Amino acid sequence: MKKFVLGLCCGLFIACSSIAFASDSIQALLFPAHFEINGSKIFMNDEYKVLNVDGHAYVPVRFVAEQLGATIDYDQEQQKIFVKNRKLDLSDPDYNGILVGNLILTKNGSNTKVTGQLQIEGVGNTKNTVETTLAFYNDNSEKIGEVAIHGDDFGVDAQTFVSEGLGDFRAYSTVNLHVGHVNGHIIPAVPSIVYENRKNNFTLDLPKSWEGKYDAVETVDKASKFETITFIDIANKEYGGVVFSIGIWTKDNWSHDGQTAIEVGHISKIGELGDRVFTISTPSDVQYDPHNEKLTAEYKSMSKYINTIKTSFQANVNLTENEVKDILNQLIPKAAGVYGMFNGSSWFAEDATKTIPGDEEYLLVTGPRGKSSLNTENVKSIADLKKVVEDVFTKDMAQKLFYNGYLETKDIRLPLYKDYEGRLYVNTYNGGHGSASKYFIDTAKIISQEGNVVVVEFITTEYDFPYKMTVKIEKVNGKWLLASGASFNNEVEIKYDYILKYQGESSLWSAALEDTVWDFGNGTNKVHSRIVLTYKGSDINNVGKVDFTYGNEANRNKWTFIGSNYSEGIIIYDEFDDNIVLPAKDDVVKVTLEWDGKQDSFVMSNSR
């Protein structure tokens, strides 16, 4: 990052300096100065300059901040300088002695840069190797970013570190520190226990050390109906003992009063489910016996886990099948569109006169080729393309299903899309393939739901063959997204409702008809009919064109075949139909054939 030219005005009047101003510029003079900060002489290197502007000394803010032990960084997008110099207060509750703080998050391309400080207590002048991670969460207790901190120069003095994580997580609400290795020693994970609240359908991960030491007391205010679950340290119950409380709000109440509650109390949002918002709060007064060292230590050992408990909150969805169908009816058509957008080069219209120099197979995208469930009117770059995909799929699945293979290919294939001079280009040499698919969303059934994830199965057909299709949907930042591609069971695994078979013959022809019926369980069906006609005469070469009809009185089918449609006197015909009226068990199916000026007819009997 560039060093700041911005200065810190020290308020020194310098009478001997001469400054000239223009209407749109400021003229400054270099000003020689030496520094003494907190009793120590500090020398600037040639990288920094002190300026005399209008009789005031302007000092590089980075230089001053770093000499005062602060972290500093600049966010280009926000055009904001951040300086932090507070006490380090972020720790791993399972490892004492390592503190992190003064975090500054700035955007770096599509990633987030994290600048902060780390120190180790009680190690004197020794230098230590440390590997830790910082995990960042939003106010729905969803992890939105992570960075690694590692180095071999950490000690008792706060040491500045810089790390980078995927995505933009500057707007985080909670951050957790986890210490992984110290001087080559692995810090083992500490086991936890699960608190499950079935009434309100949420869980929390509590440290195993809490087992048998806490009570969870549920209360409901009669007037407001506001519900609270209070977690109490049993040993300090006489003095209050409240470690934290979970509050359950309606969305309307939270929208109206939530911001005020945040500003005046130790409260924050940790999740939502349906029309409910969940919050966590800590007491503002002492809840333990301060004169009893043992009770004080126990309460503090429990309360240090509040941050990790907070981010472990999991609202377990409880969707009905109708709600699932509504979600799928929104997502599946869009998902089909996304697959189409990455299935060859035909999704967008192109300008054939504008190509990437040296990559003439890439043409400028001018807009969508036709209408679809996706809004791609404003897709002008790969970044825009990703926004469309991530409106349907989770980022993880978008990367696995589309970005890896079509935007970031590392093998001999060329990416399907490229950016050039800020515009989107498509590789027109990329072919495509597809299939005729239908999605019967009204057959959807919930296979499982846990946390924010629901697994759903429904019927689909591809080239008219039925399959069971399974997808996973996940609620991310309050929005349902597809968290998987589609997996299929082939048609053999579909339970057939029934199979109808008919057979019959005359002296010259025999016929066999088989109707396989897939019942989708929602009043719809799909039928695969196969009829096999066999000519038994010796003059097969003279048969030529064959016209035949078959069916009962209510449903007659008529087809024409010529010699090229059959060989050795055998005609096989396949047909698919949706929602047809099938012959009853005792119905008679009649076959009539005409060929070479001749005619024959007979009936087929039914077996089921």
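Two strands are said to pair if DSSP finds at least two bridges between them, and the strands themselves (E, at least two residues), like the helices (H or I, at least four residues), are DSSP runs numbered from the N terminus. The structure described here is a predicted model, in which local features need pLDDT of at least 70 and side-chain atom pairs count only at pLDDT 80 or more, while totals for chains, interfaces and linings use all residues. Residues are numbered from 1 along each chain as its sequence is written, and side-chain values use heavy atoms, with hydrogens and water left out.

Elsewhere, four strands form an open sheet in the order 11-12-13-16, with antiparallel pairing. Strand 11 (90-92) and strand 16 stand at the edges with a single partner strand each, so one side of each is left without a neighbour in the sheet. Neighbouring strands of this sheet are turned by 35° against each other on average, direction ignored; the axes behind this angle are lines fitted to C-alpha atoms (for helices, over the stretch in contact), and angles run from 0 to 180 degrees between N-to-C directions.

Inside the sheet, strand 12 (residues 95-108) and strand 13 pair in the antiparallel sense over nine bridges, and K107 stands opposite T112 in strand 13. Strand 13 (residues 111-120) also holds K113. With a relative accessibility of 16%, K113 counts as buried, a word that stands for under 20% relative accessible area, whereas exposed means over 50% and partly exposed lies in between (1.4 Å probe, protein chains only). The side chain of K113 makes a polar contact with the side chain of D73 at 3.0 Å; such a contact is a pair of N or O atoms within 3.5 Å, where within protein one must be able to donate a hydrogen and the other to accept it, and residues adjacent in sequence count only if both atoms are side-chain atoms.

**Salt bridges**

Side chains of opposite charge can pair when their charged atoms come close. A salt bridge is here a side-chain nitrogen of Lys or Arg within 4 Å of a carboxyl oxygen of Asp or Glu, and by this rule the count comes to 21 salt bridges.

| Pair | N to O distance |
|---|---|
| R170 and D75 | 2.8 Å |
| E146 and K143 | 3.0 Å |
| D396 and K400 | 3.3 Å |

E146, by contrast, counts as partly exposed at 39% relative accessibility.

D396 and K400 both lie in helix 7, four residues apart, which is about one turn of the helix. D396 is partly exposed, with a relative accessible area of 46%, and K400 is exposed, with 53%. Salt bridges that share partners join D75, E77, K107, D168 and R170 into one network.

**The buried side of helix 6**

Which residues of helix 6 are buried? In this helix (residues 382-389) they are I382, L385, V388 and V389. They cover an arc of only 110° around the axis, which puts them on the same side of helix 6; the arc is that of the directions from the helix axis to the C-beta atoms. These buried residues pack against helix 5 (321-341), strand 27 (348-356), helix 7 (395-406), strand 29 (417-420) and strand 30 (423-427), where contact means heavy atoms within 4.5 Å.

**Two loop residues with positive phi**

Most residues other than glycine have a negative phi. Q79, in the loop between strand 9 and strand 10 (80-84), has a positive phi near 50°, and at 62% relative accessibility Q79 counts as exposed. E421, in the loop between strand 29 and strand 30, also has a positive phi near 50°, and E421 is exposed, with a relative accessible area of 69%.
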